[in-house]
Amino acid sequence: MQSSTPAPRATGRPRSAAADAAILAATREALVELGWSKLTLSDVAVRAGVAKTTLYRRWSGKNELVVDAVAELFDELELPDRGTLGADIEGVVLQFAAILARPEAKSGLMAVVAESTRDEALRERIRASIVDRQKRLVLEGRSRAQARGELPPSADPMEAARTVDLIFDVVAGAVVHRCLVSAEPADEEWVRSFTKMLVAGLAATSAG
């Protein structure tokens with residue numbers, strides 16, 4: 001005898017990856033054309049070809065939407081394997097600088113960082129969506145350098161975590177300041193000099 005109990009149904013509508021991609025692309029387009037102050041979720045919905053309710057099911061407001069739109073750009077970063085720690089760092093820093101040179105990255109990042117000075121929840125979203133996600137590059141680079149014998153193995157996990165945070169802060173801080181605050185080019189010459197200083201510091205720290 002078959003059970004008369006109906007099978008449970010999934011609740012809610014599954015998210016569409018295509019819709020998410022269209023919304024984030026439309027957000028970046030609107031940032032370039034309108035700027036932060038004039039960007040609205042209604043305009044983004046029209047550009048993306050979705051209903052406004054679709055945006056609100058995914059993002060509660062403009063701040064969160066712009067953070068995710070910018071974060072998607074930084075997810076393009078990859079650590080190249082060029083044979084040495086210094087060369088690997090140069091490769092990823094040049095990629096980072098190229099992304100920051102894009103109008104949508106420049107306007108979006110500066111806007112959300114400014115807004116986050118008075119919004120703790122937004123700071124947490126920036127940390128989770130951009131900072132923590134991109135620390136993967138430092139972890140990968142350190143692991144690769146250790147495998148090559150360029151850096152010693154990490155004996156203390158807590159100290160290793162602090163070192164990862166410090167390396168990320170140094171790289172991100174220097175490149176963002178160079179590109180967005182000083183508005184100077186992070187060209188190959190600058191990147192080479194910066195990398196040389198960073199690698200020398202890592203070597204000295206490891207020796208100490």
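Accessible areas here come from the Shrake-Rupley method with a 1.4 Å probe, and for residues only the protein chains shown count as cover. With that in hand, the accessible surface of the protein chain comes to about 11900 Å², and 56% of that belongs to carbon and sulfur atoms.

Before going further, a word on what you're looking at. This is a predicted model, where local features need pLDDT of at least 70 and side-chain atom pairs count only at pLDDT 80 or more, while totals for chains, interfaces and linings use all residues. Residues are numbered from 1 along each chain as its sequence is written, and side-chain values use heavy atoms, leaving out hydrogens and water.

Now for the overall picture. The protein chain has nine helices and zero strands (helices are DSSP runs of H or I with at least four residues, strands are runs of E with at least two, and both are numbered from the N terminus). Its C-alpha trace spans about 70 × 60 × 30 Å along the principal axes. The radius of gyration, taken over C-alpha atoms, is 21 Å, whereas a compact globule of 208 residues would be near 17 Å (the globule rule is 2.2 Å times the number of residues to the power 0.38).

How much of the chain is buried? Of the 208 residues, 40% count as buried, a label that means under 20% relative accessible area, with exposed being over 50% and partly exposed in between (1.4 Å probe, protein chains only). As for contacts (heavy atoms within 4.5 Å), take those with a separation of 6 or more: 66% of them are between residues 24 or more positions apart.

Let's zoom in on helix 1, which covers residues 17-34. Its 18 residues reach 25 Å from first C-alpha to last, close to the 26 Å expected at 1.5 Å a residue (the expected span is 1.5 Å times one less than the number of residues). Its buried residues include I23, L24, R28 and L31. Among the elements covering the buried residues of helix 1 are helix 2 (41-48) and helix 6 (103-116). Just after helix 1 comes G35, with a positive phi of about 85°.

D20 sits in helix 1 too, and it counts as buried because its relative accessibility is 14%. D20 and V50 are 30 residues apart in sequence, yet 9.8 Å apart in space, C-alpha to C-alpha.

Finally, hop over to helix 6, where S116 lies. Why does S116 count as buried? Because its relative accessibility is 7%. Setting aside neighbours within four places in sequence, S116 is in contact with L122, R123 and I126.
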